[in-house]
Amino acid sequence: MMRKNFGRISLLGAGLLTSFLGYSSYAASGGNSSSTTVVIDAGHGGYDRGGIPGQRVSEKDMTLDVARRLKSVLAASGYRVVMTRDSDVFVPLGTRTAIANSNRNAIFVSVHFNSATRGGASGIETYFYSRDSLALASAIHHYVVGGAPSGSRGVRRRGYYVLRKTSIPAVLVECGFLTNPTEAGYAQNASYRQKLAEEIAAGVRSRGSVASSFTTTRVATDETIPLQPYMDQTRVTKSKKSRSKRSAKKSSRRKKKTSSKPAEIEARVASSDREG
Ligand SMILES: [Zn+2]
């Protein structure tokens, strides 16, 4: 995904984060049972490689490898694990969420890697949509950032399809930029992918105690950033190239502007953003 709205995210104080978490019935109820099912969603697959045109490291392969490692780590901890895909196949987003929603007492973790036309873009970001998903997002983000040499781009709220259409706590984690030479180098290292899996699993295990532990986590809520539209990956594949060029031009223009009217931001994001 490509965005330029990073600078618009506000830092929230510990108190505000804690009170926001108070809305989460999931966090309040604990939810640390090892009988929980974890639905692991390896982003992209098949003809959908993920990332941007011309990207050297294929996102779909990295997500599948991390997802498989995550499955092993969680299964060893006693979790029941369901994979939305376990091979290099295309699975429609609707199928992914249907799998998630067919499991009771489950949580959903979608694994992705990021991309940007600017090679310098870097860092980890974690997305959630429903308030019941914030504790899980904060916990996973905390551990992945803690275990990775990459920086934090924050916990963010956005209406990605797999987050909006899931009725269980759902998180999408972007494990660094494959378009950044340094982070692409990390991602191509098997022991680093294992580390990512272990940190995501640590976040899953500790999600119930997130409110007291993650006071420095940066959170973008619907009050600090407009809710952003998603694009179905099945609709953008063919026109990706022209869209990407257009948005790159807009990005350079965008830097000179200071206006940040919500409608304008939404329009910009709609033109440049893709699903995961
Ligand atoms: Zn992706």
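Helices (H or I, at least four residues) and strands (E, at least two) are DSSP runs, numbered from the N terminus. The model shown in these views is predicted: local features need pLDDT of at least 70, side-chain atom pairs count only at pLDDT 80 or more, and totals for chains, interfaces and linings use all residues. Residues are numbered from 1 along each chain as its sequence is written.

**View 1. Ser209 in the loop between helices H8 and H9.** Ser209 is found between helix H8 (190–205) and helix H9 (210–213). A residue is called buried if 20 or more other C-beta atoms lie within 10 Å of its own, exposed if 12 or fewer, and partly exposed in between, with C-beta atoms placed from the backbone. Ser209 is partly exposed because 15 other C-beta atoms lie within 10 Å. Ser209 and Ala139 are separated by 70 residues in sequence, while their C-alpha atoms are 8.4 Å apart in space.

View 2. Five of the five residues of strand E4 (residues 124–128) are buried. Ile124, Thr126 and Phe128 lie on one side of E4, with Glu125 and Tyr127 on the other, and both faces are covered. In a regular strand the side chains alternate between the two faces of the sheet. Strands are said to pair if DSSP finds at least two bridges between them; E4 and strand E5 (residues 152–157) pair in the parallel sense over four bridges. Opposite Ile124 stands Ser152 of E5. Between E4 and E5 the chain passes through helix H5 (residues 134–147), and this β-α-β crossover is right-handed, a term used if, with the strands pointing away from the viewer, the path from the first strand over the helix to the second runs clockwise.

View 3. Strand E6 (residues 170–177) pairs with E4 in the antiparallel sense over four bridges. Val173 of E6 is the bridge partner of Thr126, and Leu172 of E6 is that of Tyr127. Strand E3 (residues 106–114) pairs with E6 in the parallel sense over six bridges. In this pairing, Val109 has Val171 of E6 as its bridge partner.

**View 4. The crossing of helices H3 and H8.** The axes of helix H3 (residues 59–76) and H8 come within 8 Å and cross at roughly 50°; axes are lines fitted to C-alpha atoms, for helices over the stretch in contact, and angles run from 0 to 180 degrees between N-to-C directions. H3 is therefore oblique to H8, since angles under 35 degrees count as roughly parallel, over 145 as roughly antiparallel, 65 to 115 as roughly perpendicular and the rest as oblique. Contacts, defined by C-beta atoms placed from the backbone and lying within 7 Å, involve Asp65, Val66 and Arg69, among others, in H3, and residues including Arg193, Gln194 and Leu196 in H8.

**View 5. Two loop residues with positive phi.** Most residues other than glycine have a negative phi. His44, although not a glycine, has a positive phi of about 65°. His44 lies in the loop between strand E1 (37–42) and H3, and counts as buried because it has 26 C-beta neighbours inside 10 Å. Asn105, likewise not a glycine, has a positive phi of about 50°. The loop between helix H4 (93–101) and E3 holds Asn105, which counts as exposed because it has 11 C-beta neighbours inside 10 Å.

Note on methods. Two residues are in contact if their C-beta atoms, placed from the backbone, lie within 7 Å.
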